Amino acid sequence: MASGFSSSDNSVYTKKALLIGNNEYKKNSQLRYCINDSEDLTNKLREIDFEITAGINLAYDQMNTMIKTFIDKIDQDDLVLFFFAGHGCQWNHLNFLIPIDDDEIKTNTDLEYRAINAQVTLEKIINCRPSAAIFLLDCCRNSFVCESTNFNGLSGMRPIGDSFIGFACTANKVALDKSTNGRNSLFTSHLLQHIDQPNLTIGEIMYGVCDDMMNETNNDQCPFRVSSLRRKVYLNQQFPIGQPTRVSPIYTNTKWKQHGITIAGGNDVGNDSNQLNSPQGIYVDDDHQTSYIAEYWNHRIVEWKYGAKNGQVVAGGNGYGNRSDQLSFPTDVIVDKKNNSLIICDYGNRRVVRWPRQNGKNGETIISDIDCYGLTIDNNGDLYVSDCSKNEVRRCKQGEKKGTIVAGGNRKGNYLDQLNYPTYIFVDEDHSIYVSENNSHRVTKWMKGAEEGIVVAGGNRQGESSKQLSNPYGVTVDRLGNVYVVDCYNDRIMRWCEGSKEGSIVVGGNGQGEQPNQLNFPRGLSFDVEGNLYVVDYWNH
């Protein structure tokens, strides 16, 4: 059977932004662009699904209250962006954001009580444990006057937690107070051109801003940037056609309910429409609320709609054989949404088959003479196939029959340039390949172009401790780089956080059995976009 384990943390991954623009200062020179900067950036961020809190021309009490209220609304693992445009200054190596009632600031010490301490604000945001905090300050203008020690831009700030800090210009320098479009500051005008670009990290966005500003100012002004981010952070992450369009809310501290719900099979072994026989691989199609399951002993692929009591045969199911309408011991199935087809590991026939999703009666062999076990597809549409006899993984571009070895290929073994009976595989957005090695009792990560893998789970011989695996099969990786693997002979699903030397039990681990909190030689593994975990329970059918 196939079981679903729902996340016990049903919070939604949220992007939240606070933007403040101050123009109308009472003491210092009034500014021209800050309100436009804040409002235009607000519109850009709202279009890419940020929840917005915004204010303009705020006095100290208003500014302090708005920041406090915003911080109180930050939930753990939110993506947070803070933007301020206005006057700013440094004193005693601390940076202060100036409210419009700056006439109350008569000495440097007044800054502590009548201005916003930037570092303290960042610390308060990080204390809420967001997934990342982006802190952008467009306030290093040359028209602020308090005492002479303030006339030197902003001091460099130290990133803490998972944070990215950007200023309009280099630390301890003053930004040019000019505009090329007549509406926005130099920094924000270029930020607006890049910040909503799809599938760019904040680092890549700021590289683009810096390059544009350097070109425009003849290398006279470049933004200050410093980061302590431990992963790639996207402001507008989008997915290829047919890939999930929501962000899975899976985090390092996410837990799953320990009693699974049977979503396919579970009615004894058999070949009726409500039964499965030794299922192996699973593919969860969120767009159609459907799961596709490879049935090893029924020689077929079944489609199971969410909530349905019966499945429908969509490939094979015509007995064991090697005809084009037959399969033989299929081990895995994925969906190629670009071509609206299924791609199947036809293990017993030593071939990979493409099968139309709509009214498909026959399959087409696309790769021959391969002891294929696992399949995956990357965001370019390239296909990856594991060969458990040659102990290698190959990448095949569309139309290729042989492809290129991207992992292993150096005979069977346990060295880092070798694989030992690779089964299921996963490829991330950077085209790093994760390989579940059944006989080495480990998962290895092969970065693009690498000649050796890195052990990311197991690798401490066969066993049942938290540092060991026993004949792993299914593998998947979340957006934080945490590895989830089917620990088959231990009847459990394990999670290895990135960089960890040991794993933790996600579900199972309660002995072999058929109770809702037990597994019996699990094989395939997948997530849906809501963070629910799908486990193929091989011997419970």
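1. Two strands are said to pair if DSSP finds at least two bridges between them, and strands themselves (E, at least two residues), like helices (H or I, at least four), are DSSP runs numbered from the N terminus. The note that follows concerns a predicted model, in which local features need pLDDT of at least 70 and side-chain atom pairs count only at pLDDT 80 or more, while totals for chains, interfaces and linings use all residues. Residues are numbered from 1 along each chain as its sequence is written, and side-chain values use heavy atoms, with hydrogens and water left out.

2. Strand 20 is mostly covered, since 6 of its 6 residues are buried; buried means under 20% relative accessible area, exposed means over 50%, and partly exposed lies in between (1.4 Å probe, protein chains only).

3. Helix 6 (residues 202–216) has 15 residues and reaches 21 Å from its first C-alpha to its last, close to the 21 Å expected at 1.5 Å a residue, the expected span being 1.5 Å times one less than the number of residues. Its buried residues are Ile202, Ile205, Met206, Gly208, Val209, Cys210 and Met213. These pack against strand 8 (132–138), strand 9 (163–167), helix 5 (186–194) and strand 10 (225–227), with contact meaning heavy atoms within 4.5 Å. Just after the helix, Asn218 takes a positive phi of about 55 degrees.

4. The structure holds 15 aromatic pairs. Rings of Phe, Tyr and Trp (its six-membered ring) pair if their centres lie within 6.5 Å, and planes under 30 degrees apart count as stacked, over 60 as edge-to-face and the rest as tilted. The rings of Tyr296 and Phe329 have centres 4.9 Å apart and planes at 45 degrees, so this pair is tilted. Because Tyr296 lies in the loop between strand 13 (290–295) and strand 14 (300–305), and Phe329 in the loop between strand 15 (312–316) and strand 16 (332–336), the pair ties together parts that are 33 residues apart in sequence.

5. Phe329 also pairs with Trp297: their ring centres are 5.0 Å apart and their planes stand at 85 degrees, so the pair is edge-to-face. Trp297 is partly exposed, with a relative accessible area of 43%, whereas Phe329 is buried, at 18%.

6. Elsewhere, Tyr347, Tyr373, Tyr421, Tyr424 and Tyr473 form one aromatic cluster. Arg523 lies over the face of Tyr473, at 4.3 Å from the ring centre, and also over the face of Tyr538, at 4.0 Å from the ring centre. A charge sits over a ring if NZ of Lys or CZ of Arg is within 6 Å of the ring centre and within 35 degrees of the ring normal.
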